[in-house]
Structure formats: structure tokens, C-alpha cells
Amino acid sequence: MAILVHAVLDGVGTDQYDALNAELQTTPEIFDGCLAHACVGTDDGLEIFDLWASEEQMNAFVEKMMPVAAGLGWRDRSRPRVLAVHHHWVPGADG
């Protein structure tokens, strides 16, 4: 079942996000199961919205991503909100 993940990252700037993303892009298989991703800047930091094919795939990503983030100086954050998706579709795609 697909899930929507919403993470609030107060105090994290776009430069920090870009550095983490650049590092993660060197191993694109880390994103297996990620159907969509958006990073939004706010007055307080960033908010991340991900659509994952399954919670297991999201957890596998987090296990690989967290050591990279820690190596870049990111501190532990509160757990993101995880919601079961009733239905999703992509405009113009079959289905």
C-alpha cells in the first residue's frame, strides 16, 4: 500500500538539503519505491513530501539515508508523519 510521508525540518536550509540530495544521487537505487518527492522551503526550514510505494521501501531508504545525513552534520529530527494513501494517480498516465 502506498504511503505519504510529511517531514518538517525546522532549521534546515536549502543548502543543507542540496548537499544531502547531491550525495544521495550518487546511489540512485536508494530511491527504489519513491513515486514522488517535493521539498518546500518555509520560514522555519523545510518540509518534505514523499509518496512511497510501501512503508517498507521508505524504511529501507531511511536506514541508508540517515548515516549520510549524519555525516553531513544533520542532527536527529522528529519522526515524519506517515499516512496511508487511499488512491493516487499521475495526470496523463494510464490507469
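User: How many helices and strands are there in the chain?
Analyst: This is a predicted model. The chain has two helices and four strands.

User: What pattern does the chain follow along the sequence?
Analyst: The pattern reads β-α-β-β-α-β.

User: What radius of gyration does the chain have?
Analyst: The chain has 14 Å. A compact globule with 95 residues would be near 12 Å, so the chain agrees with that. Along the principal axes, the C-alpha atoms fill a box of roughly 40 × 30 × 25 Å.

User: What share of the residues count as buried?
Analyst: Of the 95 residues, 25% count as buried. The chain exposes about 6,400 Å². Carbon and sulfur atoms supply 54% of that area.

User: Let's pick one residue. Is Leu9 buried or exposed?
Analyst: Leu9 is buried, because its relative accessible area is 9%, and the cut-off for buried is under 20%.

User: Where does Leu9 lie, and which residues does Leu9 touch?
Analyst: Leu9 lies in strand E1, residues 3-10. Leaving out residues up to four places away in sequence, Leu9 touches Asp44, Gly45, Leu46, Ile48, Trp74 and Arg77.

User: What separates the C-alpha atoms of Leu9 and Cys39?
Analyst: They are separated by 10 Å, and the two residues are 30 residues apart along the chain.

User: Back to the whole chain. What share of the contacts with a separation of 6 or more comes from residues 24 or more positions apart?
Analyst: Those residues account for 70% of them.

User: New topic: charge. How many positive and negative side chains does the chain have?
Analyst: There are 5 positive and 15 negative side chains. The centres of the two sets lie 7 Å apart.

Technical notes: Residues numbered from 1 in each chain as written. Predicted model: local features only at pLDDT ≥ 70, side-chain atom pairs only at ≥ 80, totals over all residues. Heavy atoms only, no water. Buried < 20%, exposed > 50% of the residue type's maximum accessible area, 1.4 Å probe, protein only. Contact = heavy atoms within 4.5 Å. Rg over C-alpha atoms; globule rule 2.2 N^0.38 Å. Areas by Shrake-Rupley, 256 points an atom, 1.4 Å probe, with all protein chains shown as cover. Lys, Arg positive; Asp, Glu negative; His and termini not counted. Charge placed at Lys NZ, Arg CZ, Asp CG, Glu CD.
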